Amino acid sequence: MIRIMRKAYLLPLLTIFCSVHVFSQQIVLRKGEIIENLPVNDSTQNTYSLYLPKDFTKDKKWPLLLLADLEGNDEKVISMFLNAAEEEGYVLAAPKLYDSISLTNKMVLIGNTIQRVGDMLPIHTDRIYTGGEDSSGRFATLAPVLLNGVNGSLAIGASLANSELINVKKPFHFVGIISKENYNYPYMLTDSKLLDRLKFPNQVLIYDGNGEWPSTAYIRKGLQLFTLDAMGRKWIPKDSMYVENAYKEDLEKVNQLIGIGDFLWAEQYMTEMMSMYGALKNTDSLRSVQRDLRRDKEYRVMQRAENAAFLQESILKEDYQYYMEDDMYTHNFNNLGWWNYQMGEIGKFIASAKPFERQMGHRLRGYVNALAEDSITLVLAEEVVDEDALAFLYMLKTILDPEDTEYYFKIISLSAKNDDFGTSLFYLEELLKKGYKDREKIYSLEDTALLRITPEFNELVSKYLEDARYDIKIEDN
């Protein structure tokens, strides 16, 4: 247990040009536990969560990873990084953020949280980083660009938020962790090439599968990269044993990839290793192995196959973007059949025996779903909501992701609101055919009061769920 006495003084907030007054108070922080609802400052209701490693001590300076979750799940996002932070010795902090807050206010909150933690704890001022997953990870990449004192960002499943904002005079360290089946994978590779040209330190760590969350080992490796970079920059003393153990671990990874014949991944990992260790040890032998691998005939065949998949993918994405926008604004419900066909084609890619086609299929499925969800957000943000466009997108989502029941509910409610009971009943039956069983949810859908008392509605519920809430009888005069 650590007891910290606070003294009143003022610190400037990074580049946001505001300040935080800190009054004398005692705060009790427990090591090895997530501490919730800590006040960011004394004049607002903003809070953050904090995690201190079990071996935390005030006798040395610690790196800080400031985590973002735009749904306000500060405790949850810390729990997802906790094991890696414990192993690598990082303090974690996460302010309670929401996507509805303006960008400026979000950045102010992040800056204030960094200040607050830095006021209380011995944080290494050169070793402050941000991190997050998906849209929150993309947002986190803005912090090194907009805030002074943030020197890196770790993004899981997300590329840079806005490469046009990057300042060549303000470099930062970017670490991306992503699956080849994630639709952001090509974008992350493009961002990595841009950062290479700008001579910004960066690495992309690839993991298997289409899961949204990588294993702890990958997150630990991401934090390890920040630590190795800090040693290379002489922010902290070089720990030769730490470096050698990390290098040995990475060599084993390369040998494993070569052993299973994944030459592209092995070559990519060697590239990242040379950027990881270039300032810490001689990597000439690794460079020689990589050169030989690039000359291998099988490697070149794989490279051509992946490039062909990337090209096909980019063409298809252009088509999807064009037709979705056109169909949405022209209310082209007749084109839903075309979309259904396209999802069948994507399904064939996913079922392909060719790995690069299979990966492309997963990326395309993720892409069209993200595109539809972004389009829904745009329509709902308009001053006057185009409900026909919204109806099209809700219907489209039932095709793009048939297992997501949320959009069945949305189209049922929206159609009932507009007295289109036929459409509502169609999607209700489609939902029930899939085995949906929550009767209470069905009878509590918004804007369906009149629909729920119709005989047709209750007959459908009785057909699939045995009992309907209303027994509707029609009598002749």
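Contact here means heavy atoms within 4.5 Å. Helices (H or I, at least four residues) and strands (E, at least two) are DSSP runs, numbered from the N terminus. This is a predicted model, in which local features need pLDDT of at least 70, side-chain atom pairs count only at pLDDT 80 or more, and totals for chains, interfaces and linings use all residues. Residues are numbered from 1 along each chain as its sequence is written, and side-chain values use heavy atoms, with hydrogens and water left out.

**Helix α9**

What covers the buried residues of α9? The cover includes α7 (240–259), α8 (263–277) and α10 (297–330). Buried means under 20% relative accessible area, exposed over 50%, and partly exposed in between (1.4 Å probe, protein chains only). The buried residues in α9 include Leu286, Gln290 and Leu293. Seen down the axis of α9, its buried residues fall within an arc of 60 degrees, so they line one face of the helix. That arc is taken from the directions between the helix axis and the C-beta atoms. Ser285 and Arg295 are exposed, on the face of α9 turned away from its buried side.

**Two helix spans**

The expected span of a helix is 1.5 Å times one less than its number of residues.

| Helix | Residues | Length | First to last C-alpha | Expected span |
|---|---|---|---|---|
| α9 | 284–295 | 12 residues | 17 Å | 16 Å |
| α15 | 421–433 | 13 residues | 18 Å | 18 Å |

**Helix α15**

In α15, the buried residues are Thr423, Ser424, Leu425, Tyr427, Leu428, Leu431 and Leu432. Their cover includes α13, α14, α16 (439–442), α17 (449–452) and α18 (455–465). Gly435 follows α15, and its phi is positive, near 95 degrees.

**Helix α13 and its partners**

Axes are lines fitted to C-alpha atoms, for helices over the stretch in contact, and angles run from 0 to 180 degrees between N-to-C directions. Helix α13 (residues 387–400) packs against helix α14 (residues 406–417) at an angle of about 150 degrees, with their axes 8 Å apart. That makes α13 roughly antiparallel to α14. Angles under 35 degrees count as roughly parallel, over 145 as roughly antiparallel, 65 to 115 as roughly perpendicular and the rest as oblique. On the α13 side, the contact is made by Glu387, Leu390, Ala391, Tyr394, Met395, Lys397 and Thr398. The α14 side brings Tyr407, Tyr408, Lys410, Ile411, Leu414 and Lys417.

How do α10 and α13 meet? Their axes come within 7 Å and cross at roughly 135 degrees. The two helices are therefore oblique to each other. Met324, Asp327 and Met328 in α10 meet Ala389, Phe392, Leu393, Leu396 and Leu400 in α13.

**Pro53**

Where is Pro53? It sits in the loop between β6 (47–51) and β7 (62–67). Pro53 is buried, with a relative accessible area of 0%. Leaving aside neighbours within four places in sequence, Pro53 is in contact with Lys31, Gly32, Trp62, Ala85, Glu86, Gly89, Tyr90 and Val91. Pro214 is 161 residues away along the chain, and the C-alpha atoms of Pro53 and Pro214 are separated by 21 Å.

**Positive phi outside glycine**

Asn37 has a phi near 55 degrees, a positive value in a residue other than glycine. Asn37 belongs to strand β5 (residues 34–39). Its relative accessibility is 52%, so Asn37 counts as exposed. Lys199 also is a residue other than glycine with a positive phi, near 65 degrees. Lys199 lies in the loop between α5 (185–197) and β12 (202–207). At 72% relative accessibility, Lys199 counts as exposed.
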